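Trainee: I have a model open and want a quick tour. Can we go through it together?
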Amino acid sequence: MQVVLIAPFLMRFRLCANTFGGAVGRALREAVAETVPGFSPQAGEPDSPLLFDYHMSTGGSRLSGKKTVGTVDVADAGLLWCRFEPSGYCYVMQTIEVPDKETMHRRERALVERINPHIARWTDGVSERMLATGLVDPADEAAMDPGRLLWWHRVLMDPPQGQEPGATRVYGVERKIHDDACLRFGDGFTTLVRLPRHRISEVLEGVMAATSEWIAVDEANRLVSARMLRLNDARWDRVTDVDRQFTASLKLSKDLALREMVRLEESRYTVNAGAVVMDAAMERWAMERERGVLEVQLQSLRDILEFHRTMTQYRRDERRNRLLFVFTAIALFQSVLVWYDFAHEANNTLAPATRLAVVSVIAALTVVVVVSSLVTRRRE
């Protein structure tokens, strides 16, 4: 039985909305070449400029930068196919021949032990160089652990009777690819039935695209939830603190919007078999519901921040009005003292009766101005 093992792993950086573009892809390619010993990149361009039937995403690569794809020969593990993405989501893949499921799982465990030390070194080296460029942001603490294989997704090609796992045979989502070829997508497994070997790469591309989508949505939910928890520890008595929280949440929304733009752009260029896999994965993992939950969380985060911003502004205005009242009262007391001194000062050219009349007129005008102001405010 031929099985393709696909495992994602995460870098310590993420694509950000401030510096996205082709420069990220070029920096990633250079970082991988310097960090991953024996890495052999694969050509990502058509063999001839006259080849018109070359379906690829140009908008996605302009937004996020091109992926770095190639092979590397790892000691005791064999030849691995690797893909490094500017988003920080990366993959390793290997094709194995096994007689049954038990042997497959033993091979998986052995591969994890042999590959994980290399993954950790690659992650540290590539992440250090990418973060030094300033083109990407460090991954948030709420993200999944970087530098190790997260899980295996097994793509089984025409498994013999009794060897197909229940994840696809019983609980999987079945889709027809073409003619009599079909696939069944389940948690951790994809079964291909009567699919020509030259179409397998399209299915693998769809599996990785669906996995990236799942990781992106799950990580976004983690980040939003962590941001909402941090709000409990934030101080809301200063406008600068609220503005800092608001700016951080706004940047999070911008980054998530960028990742969604890249995903939508690249999904338009997914080949037929890959699109079928993504459709099955979206149904099996209930991704539409997860995106809805994410939107609700983002809106709740914005509402909470807007509420705290309004309340902080209100408290600041209240303190300002209280200070204005104090200073006005002080000025009024000083005015009364000046009037009293003017009315009773013996060393003055005006007669006492004239001085008293002037003070009375000024006091009356003051009372009129204050009363009219209070009446106008009450009417409003």
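Trainee: Is arginine 194 buried, partly exposed or exposed?
Mentor: Arginine 194 counts as partly exposed, at 46% relative accessibility. Buried means under 20% relative accessible area, exposed over 50%, and partly exposed in between, with a 1.4 Å probe and protein chains only.
Trainee: Where is arginine 194 found?
Mentor: Arginine 194 is in the loop between β11 (189-193) and α5 (200-233). Its phi is positive, about 55°, although it is not a glycine. Most residues other than glycine have a negative phi.
Trainee: What about the phi of alanine 286?
Mentor: Alanine 286 has a positive phi too, of about 50°. Its place is the loop between α7 (272-284) and α8 (287-344). At 23% relative accessibility, alanine 286 is partly exposed.
Trainee: What kind of model is this?
Mentor: A predicted one, where local features need pLDDT of at least 70, side-chain atom pairs count only at pLDDT 80 or more, and totals for chains, interfaces and linings use all residues. Residues are numbered from 1 along each chain as its sequence is written, and side-chain values use heavy atoms, leaving out hydrogens and water.
Trainee: New topic. Is glutamine 163 buried or exposed?
Mentor: Glutamine 163 is buried, with a relative accessible area of 17%.
Trainee: Which residues is glutamine 163 in contact with?
Mentor: Leaving aside neighbours within four places in sequence, Met1, Pro99, Asp100, Lys101 and Leu156. Contact means heavy atoms within 4.5 Å. The glutamine 163 side chain also reaches the backbone nitrogen of lysine 101 at 3.0 Å.
Trainee: And how much of the chain is buried?
Mentor: Of its 380 residues, 43% count as buried.

Methods: A polar contact is a pair of N or O atoms within 3.5 Å; within protein, one must be able to donate a hydrogen and the other to accept it, and residues adjacent in sequence count only if both atoms are side-chain atoms. Helices (H or I, at least four residues) and strands (E, at least two) are DSSP runs, numbered from the N terminus.
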